[in-house]
Structure formats: C-alpha cells, structure tokens
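Subject: Structure to look at

Hi there,

Here is the structure I promised you, with a few notes on what turned up in it.

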Amino acid sequence: MQIWRGVDDVPADLGRTVVSIGNFDGVHLGHAHVLREARATADRDGIDTVVAVTFDPHPMAVLRPDHAPPTLTSIETRARLLESAGVDAILVVGFDRSVASWSPEEFIDRVLVDTLHAAAVVVGANFRFGAKAAGEVATLVEAGATRGFDTVGVPLDGGPQVWSSTYVRQCLATGDVAGASEALGRAFTVRGTVVEGDKRGREMGYPTANVPIPPVDAAPADGVYAGWLTRLDTGVRYPAAISVGTNPTFDGERERRVESYVLDRDDLELYGVDVLVEFVERLRGMVKFEGMEALIETMHDDVRRAREILA
C-alpha cells in the first residue's frame, strides 16, 4: 500500500489509474460499495492501480471549524481499511484555504489528470467537489470527455438505509454501537495507548485499561458497553466491560476516557501498551451514584451482562 502525502509525492512515471475520491472517514459499507465498483472497473479495463483520494484535515475543519465532525478514523487506520477494500494507493490531499479555492476544473486537472493519470473516476452519485462544492458527477463526465477518462457515479440508495459517516456519528452520539457497526460492516473501535489512571477501579476489584479520547475523535456516548480489548503487541483479544466518559460519581474534572475492564482478570499489566477496543452492545447510560456501594453493585451487574452478551 502506497500512501502519498500530497501531489508532489506521487511518482511522475505513475501509469493510468482508476481513482475514487472522498473523505472515506470510517470506510463504511457505502464507501465499500463505491470501492468495489472502482476495483471492478480497473480489472475490466486492465488497469493495475486503484487510488483513493482523501483529505486531511476534514474540509469542514478548515471551512467551518465550529461544525467540524469528530473523526472516525485516523489516516493510518483509514489506509488499512482502504487496502482491505481493494485500494492500491492513497493520495492524502492536505486541505487548506488554497485547496478549498480550487475550482472543480482546477481540481480535475491538478489531481486527476496531471498527477494520477486517471483512466476512470468512480464516486458516489451525490459526490460534490471544488470551490463552494460546485462540481458534481456531471462535471466529471463533461471533463472526462475532453481529458480522456470515464466517470462512474455509483447510486447510494440501494436499501432502506443509505450508509454514511454522518449516520455512523449519529449512532455513536446515541450510544447505538450496534447500529454504527452495522453501517461500518465491522465493530466500531477506539485505538490508543493505555495510560495510568486514578486506580479507583482496582480498589473496587475492577482494574481498567484507560485510553484517553482526543476531543477531535469520535467515540460512543457516555455509558457502559460490552466489547473486546485487544493487545496490539501480542494480538490477544479479551472480553471486556467498557466505560466511556469522565466518571461523574467522583469529584474533579477529568478528560474523557475509554476504560476497559477485562472480564475476570486482575493480573494484566497494560500501562504503555497499544490496544484496540471494540464496542459490541450498550449496557446502560452513565449514572452519577450517591455512594461507592451502589456503584459497585451496578458494576457487578454490568460485568454479568457483558459476560452473557460476549459468551
């Protein structure tokens, strides 16, 4: 998998390609549908390379920072998912005010024609691009007629639910991790390095692996979930009860965290370990308890239910 961090990184001798364009945040089932068509187009036309063009940061983070959506995947995770979906190379366009000012024709000439030598461009039927989102599929079709590439607009209304990154974020905002996973075609995950916490969980008999959530990253709504924790250094996967939030029962401001209790294990040393946390099902919302006894009793029930769900 090639990752090009800008048009200047793309080899000048790159042959003809099939190109798909989008933010690809999450690489959900809608994206997979478009990418399957891109791969099929390349195979049919005898073209070796499928390129996904994505943007970093998200265009909304530049154009309307206050409305920028939380990120579902890092560029590195996105690259792994895109590779699994049949993509051979990724061009990450650094999005700034200058790029935002490009007309659709300028984007086509700079990126698709001069840099990627596109033989075909495959996008979702609702794709928009260029300054003020003035470009659409018809713009690509017209430009391709004179610049030597075909355009395929893939319909996105093939079922009762049109999968989108917005839909995934909506599911996460309500704690519907099962709905988010259905749209993604896999479990929603949070990846990070375990940090030392306040050790309250250990004192209550439920030691947790704590992973901070950066403010710009998407995560499920505050609450308790059943899921899995995987050590990325060994690949070992453990069933877990997972808390998301700031632990409102205890005083003091804290950053938002994912705290995973590996079921029936208090012997794991995970500080400094990179982990992947998978969310399977929501158990309950976040509650502020009046005392430790009520919290521990509820945690017993959380663990019991998580064990049943993951059995």
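This is a predicted model: local features need pLDDT of at least 70, side-chain atom pairs count only at pLDDT 80 or more; totals for chains, interfaces and linings use all residues.

Which residue of strand 4 does Gln2 stand opposite? The residue facing Gln2 there is Ala89. Strand 1 (residues 2-4) and strand 4 run parallel and are joined by three bridges. On strand 3 (residues 49-56), the pairing with strand 4 is also in the parallel sense, over six bridges. Within strand 4, Val93 is the bridge partner of Phe55. Strand 4 itself spans residues 89-94 and is mostly covered, with five of its six residues buried.

Next comes Thr17, which sits in strand 2 (residues 17-21). Is Thr17 buried or exposed? Its relative accessibility is 0%, so Thr17 counts as buried, the cut-off for that being under 20%. Leaving aside residues up to four places away in sequence, Thr17 touches Ile47, Thr49, Val51, Leu116, His117, Ala118, Ala119 and Ala120.

Not counting residues up to four places away in sequence, Pro59 touches Asn23 and Phe95. As for Pro215, it lies 156 residues from Pro59 in sequence, and the two are 17 Å apart in space, C-alpha to C-alpha.

Best wishes

Methods:
Residues are numbered from 1 along each chain as its sequence is written. Side-chain values use heavy atoms; hydrogens and water are left out. Helices (H or I, at least four residues) and strands (E, at least two) are DSSP runs, numbered from the N terminus. Buried means under 20% relative accessible area, exposed over 50%, partly exposed in between (1.4 Å probe, protein chains only). Contact means heavy atoms within 4.5 Å. Two strands pair if DSSP finds at least two bridges between them.
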